[in-house]
Amino acid sequence: MSRLVVVSNRLADPRRPAAGGLAVALGDALNRSGGLWFGWSGTVRPQLQPGESRLHQRQAGRVTLATVDLATEDHVAYYQGYSNSVLWPVFHYRLDLADFHSAYLDGYRRVNRMFAARLLPLLRDDDLIWIHDYHLIPLAAELRALGCRQRIGFFLHIPVPPPLLLAALPQHEWLMRAFFAYDLVGLQSEADVGHFRRYMINEANAEDLGAGRLAAFSRELRVGAFPIGMDVQEFERLGRGAEAVQTGEALRAEYARRQLLLGIDRLDYSKGIPQRVRAFRHLLEKYPENRGRSTLIMIASPSRDDVLAYTDLRQELEGLCGAINGDYGDLDWMPLRYIHRIVARRRVPGLCRAARVGLVTPLRDGMNLVAKEYVVSQDAQDPGVLVLSRFAGAAEQLKDALLVNPYDTESMAAAIQTALHMPLEERQQRHARLMESIRQHDVHWWRRSFLQALQEPAA
Ligand code: GDG
C-alpha cells in the first residue's frame, strides 16, 4: 500500500476529537498508511525573509506532522491576500469584493514554491499525494517542476464559478493551467464540475476525452464530483455526550413556550447571514403570530477579521440585529440572539437538536457541513426542519430540505413559516430520507472514493 501524503494550508492533530470530522477522516487514512501531513504551522515569524521558512516535524501516532512557519510578508500576500481576498471572493462569485493586488499573486506563487521545495525531500517514490484547497492550487505544478512524478490529487473545498467569472481573474490562464499538473481534481458538486469543464474547454482549449477526462498542455486530467460528507458516527457520539444533552435540555426549558430557529456559521459574506436576518424580520412582519413565539439564535463565529470585507459584514449584521430587536422585542421576548463567539463543538449537536428550524442560507457554498450536522442532530421521532439555500453544494444531495433562494426575502420567510408549521409525519419522512443520504455519503465514503479514483490508472 502506498503511503498517503496530505497537504493542506492548516492541519490538525488527528488524535484530538476537537479536530473535527475532516481532520479525523484524513487522520484515519494517514494512520493506516503511516502517512505524512504537511502544511503551514499557523505561526508567522517577522524575522523570516519572504520565501524563507522554518520546518518542524513531530509524530502524532503513526502520522508525521510536518509544518512550516511563514514570513510576515508571505502571510499577508499568500494567505490574507491572494487566498482570502482574491480566490475566496472570486470563487464565491463575488468579484466586487476581490482585491486584485499583483503583490498578492507574487506571494502566493512564492509560498507554493517554498512549500514544494520543503515537501519534496520528505517524499518517497510510491507516495500518493493529496493536496487540499484553494491556497495550494499551483503546488502540484511546482512539485512537478522539481521532478516529482508521484500521483497527485487535488480537492477543492469551495465552489467553482462559471467560466466568465473565472476569466475576470488576472492571470487566470496561469492559475487554471496549474490544475493540469494533477492526476485527479475533486470538486464538491456536479455544478462545479460543469463550470470547470466548460472553462477548460472554452478558455484553455482542452479536449474532452469523456468520462471526466480532459487533455491539454500535453497532460491528461480527470475531474469529478466528490461531495464531502461528515463523520456521522462521531457527531452522533458527540450528541449523546453530557454537554450536548445539557445544552439541549437547558434551551428547551428556557424556550418551552417558544420555537427556536438556529443558524451557525463562520461570519463570512458567502453564508448569507444578513439575508437570513432580513427573512426573519419579514416573517415577523408578515406572519405576526410569530411575534413573542419564535426566537432566532444566530451563532456567527469570528473569522478572518483582518480582511476588510469581514469587518464591514460584522457592522452590517450588528446593525440589522440591533434593529430587529429594537423594533420587535418586548420586555419578555427578544426575537434574535446574535452570538459572535465560537461555541464549543461538544455543545453544537445539543443546540441543533433544540431548534425546530435549522437555517442554512449561503449565497454560495462549496458544500456546507452545518446543513448535514443539523439533520444528524435531530430526534428522529420529532425532528426539526432544515431550510437550505439552493446555492449550497449540499442542495444537490439534500433535496428533502426546504430549498430556498436567499436573495428572495419574501419566499424565504414563507419557507420558514412552512417549516414552523410542518406536520410531524412530513417532518419524519423528510428527516429519514435526508439521514439516509447523509449516512450513505459520509466523510469516510468521500475519502475512500477520492483515493480509489486517484489510484486508478489513466484510461
Ligand atoms: C469549507 C467550505 C465546505 C461553525 N461555527 C462554529 C462551529 N462551526 C463548524 C460547523 C462546521 C464547520 O464549522 C463549518 O463547515 P462548513 O462546511 O459549513 O463551512 P466552511 O468553514 O466555510 O468550510 C464549505 C467545507 O469547507 C468542507 O469541505 O463544506 O462549503 O466553505 O463543522 O459546525 N463549530 C464550533 N463552534 C462554532 O461556533 N465548535
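The model is predicted, with local features needing pLDDT of at least 70 and side-chain atom pairs counting only at pLDDT 80 or more, while totals for chains, interfaces and linings use all residues. Residues are numbered from 1 along each chain as its sequence is written, and side-chain values use heavy atoms, with hydrogens and water left out.

**The two domains**

Domain 1 covers 4-229 + 443-455 and domain 2 covers 232-440; these bounds come from an automatic or database domain assignment. Their C-alpha centres lie 31 Å apart. The size of an interface is often given as the accessible area lost when the parts come together. For domain 1 and domain 2 this buried area is about 1,800 Å², with 56% of it from carbon and sulfur atoms (accessible area for a 1.4 Å probe, summed over both parts).

**What holds the interface**

Seven residue pairs are in polar contact across the interface, both residues at pLDDT 80 or more. A polar contact is a pair of N or O atoms within 3.5 Å; within protein, one must be able to donate a hydrogen and the other to accept it, and residues adjacent in sequence count only if both atoms are side-chain atoms. Helices are DSSP runs of H or I with at least four residues, strands are E runs with at least two, and both are numbered from the N terminus.

The rule also finds one salt bridge across this interface, that is, a side-chain nitrogen of Lys or Arg within 4 Å of a carboxyl oxygen of Asp or Glu. In the whole structure there are 25 salt bridges. Two pairs are listed here:

| Salt bridge | Closest N and O atoms |
|---|---|
| Asp192 with Arg364 | 3.6 Å |
| Asp183 with Arg144 | 3.1 Å |

Asp183 sits in the loop between helix H6 (172-177) and strand S7 (184-187) and Arg144 in helix H4 (residues 139-145), so this pair ties together parts 39 residues apart in sequence.

**Around the ligand**

Of the 22 residues around the ligand, His157, Val343, Asp365, Met367 and Glu373 come nearest, where a residue counts if one of its heavy atoms lies within 4 Å. A polar side-chain atom of Arg266 is 2.8 Å from a ligand oxygen atom. Backbone atoms take part too: a polar one of Gly366 lies 3.1 Å from an oxygen atom of the ligand, and a polar one of Arg345 lies 3.2 Å from a ligand nitrogen atom.

Terms used
Buried area is the accessible area (1.4 Å probe) that two parts lose on being put together, summed over both.
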